[in-house]
Amino acid sequence: MIRVAAVGDVHMDVDLLGRYRPALEQLPERADALLLAGDLTRHGTPDEARCAAQEFGGLDVPVVAVLGNHDYHSDQEEAVADVLREAGIVVLEGDSVCLQTAGGRLGVAAVKGFGGGFAGRCASAFGEPEMKAFIGVTERSANTLEKCLQELDCEVRVALTHYAPVPETLQGEPLEIYPFLGSYLLGEAIDEGKADLALHGHAHMGSERGVTPGGVRVRNVAHPVIKQAYSVFNVERSGR
Ligand SMILES: [Fe+2]
Ligand SMILES: [Fe+2]
């Protein structure tokens, strides 16, 4: 059994310093790793990233993050990632990591993901170049996630995204914006990549629990949804 803690959408800036830290100090007793599901900042500035690094860096468990759309807003996502890495946080995009934990080898494959919508109500790569470009980003992201999951040689595989892979965890958000909150292509990638758990954020008004068509547990860990410093998920070793 591996215990995975996760939170997303912490949207750090100076005014929130100290909000999470007291609960994080007890994290090593409760979980083997902490996963951050994007939107660590409000506007994607290095100063805000330093606040996130101060709050989530230097813990006694490994911390793995993917960036969210807010972390891209100032076109300084590389600088944001560098600040987090300097604090010891593993920042992934189109990449994976295998962590040796007390509970076994934990693999995390991560992409930010993108929008497009869900089966029967989705955008497609048809018509204008802008539409093809939009869906192209999502397709490439999903394909990368699938490949990263399949390449992981770990006892437990977790898919970490910012955008949602299923519509269930969006319930509470206006239906009209579902296409901007996630894509079923991410869900297909999670199934094809045989993840044991999928974690995402982004949908602040969404719901906590969902499942992919293939039966993989999906959890929206956006802070406004879980309303605590982090949630902990027990993931069984699947013996691969
Ligand atoms: Fe957010
Ligand atoms: Fe977001």
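The following questions and answers concern a predicted model of a chain with two iron ions.

Me: How many helices and strands are there in the chain?
Reply: The secondary structure of this predicted model comprises both element types. The chain holds 7 helices and 13 strands.

Me: Which radius of gyration does the chain have, and what would a compact globule have?
Reply: The C-alpha trace spans about 50 × 40 × 30 Å along its principal axes. A compact globule with 240 residues would have a radius of gyration near 18 Å, and the value for the chain agrees with this. The chain has 16 Å.

Me: What percentage of the residues of the chain count as buried?
Reply: Residues count as buried under 20% relative accessible area. The chain exposes about 10,300 Å², of which carbon and sulfur atoms supply 50%. Of the 240 residues, the buried ones make up 55%.

Me: Among contacts between residues at least 6 apart in sequence, what percentage join residues at least 24 apart?
Reply: The count considers contacts in the chain between residues at least 6 apart in sequence. The share of these that join residues at least 24 apart is 74%.

Me: Which residues coordinate the iron ion (ligand 1)?
Reply: The donor atoms lie at 2.0 to 2.3 Å from the iron ion (ligand 1). Along the sequence the donor residues are spaced D-x1-H-x27-D-x164-H. They are Asp9 (OD), His11 (NE2), Asp39 (OD) and His204 (NE2).

Me: What is the arrangement of the 4 donor atoms around the iron ion (ligand 1)?
Reply: Four donors count as tetrahedral if all angles lie between 85 and 135 degrees. The angles subtended at the iron ion (ligand 1) run from 88 to 170°. The arrangement is therefore irregular.

Me: How many residues apart in sequence are the parts tied together by His11 and His204?
Reply: His11 lies in the loop between strand E1 (2-7) and helix H1 (21-25), and His204 lies in the loop between E10 and strand E11 (209-211). His11 is buried at 10% relative accessibility, whereas His204 is partly exposed at 29%. The pair ties together parts whose separation in sequence is 193 residues.

Me: Which protein donors does the iron ion (ligand 2) have?
Reply: The donors lie 2.2 Å from the iron ion (ligand 2). Their spacing along the chain is D-x29-N-x92-H-x39-H. They are Asp39 (OD), Asn69 (OD1), His162 (NE2) and His202 (ND1).

Me: What arrangement do the 4 donor atoms around the iron ion (ligand 2) have?
Reply: A tetrahedral assignment requires all angles to lie between 85 and 135 degrees. The angles subtended around the iron ion (ligand 2) are 89 to 158°. The arrangement is therefore irregular.

Me: Which residue bridges the iron ion (ligand 1) and the iron ion (ligand 2)?
Reply: The two iron ions lie 3.5 Å apart.

Me: Where is Thr41, and is Thr41 buried or exposed?
Reply: Thr41 is found in the loop between E2 and H3. A polar atom of the Thr41 side chain lies 3.0 Å from the backbone nitrogen of Gly44. Beyond its neighbours within four places in sequence, Thr41 is in contact with His11, Met12, Glu48, Ala49, His70 and Asp71. Because its relative accessible area is 1%, Thr41 is buried.

Me: Against which elements do the buried residues of H6 pack?
Reply: In helix H6 (residues 184-192), the buried residues are Leu185, Leu186, Gly187, Ala189, Ile190 and Asp191. At the start of H6, the backbone nitrogen of Leu185 has a side-chain oxygen of Ser183 within 2.9 Å. The buried residues of H6 pack against strand E6 (104-111), helix H5 (129-151), strand E9 (156-161) and strand E10 (197-200).

Me: Which residue follows H6, and what is its phi?
Reply: The phi of the residue after H6 is positive, near 55°. The residue is Lys194.

Me: Is Asp75 buried or exposed?
Reply: Asp75 is placed in the loop between E3 and H4. Its phi is near 55°, a positive value in a residue other than glycine. At 68% relative accessibility, Asp75 counts as exposed.

Me: What is the relative accessible area of Lys227?
Reply: Lys227 is placed in the loop between helix H7 (223-226) and strand E13 (231-235). Although not a glycine, Lys227 has a positive phi of about 55°. Lys227 is exposed, and its relative accessible area is 67%.

Terms used: Residues numbered from 1 in each chain as written. Chains lettered and ligands numbered in written order. Predicted model: local features only at pLDDT ≥ 70, side-chain atom pairs only at ≥ 80, totals over all residues. Heavy atoms only, no water. Donors = N, O, S within 2.8 Å, 3.2 Å for Na, K, Ca; no water. Tetrahedral: all angles 85-135°; square planar, octahedral: opposite > 155°, others 65-115°. Helix = DSSP H or I, 4+ residues; strand = E, 2+ residues; numbered from the N terminus. Rg over C-alpha atoms; globule rule 2.2 N^0.38 Å. Buried < 20%, exposed > 50% of the residue type's maximum accessible area, 1.4 Å probe, protein only. Contact = heavy atoms within 4.5 Å. Areas by Shrake-Rupley, 256 points an atom, 1.4 Å probe, with all protein chains shown as cover. Polar contact = N/O pair within 3.5 Å; in protein donor to acceptor, adjacent residues only side chain to side chain.
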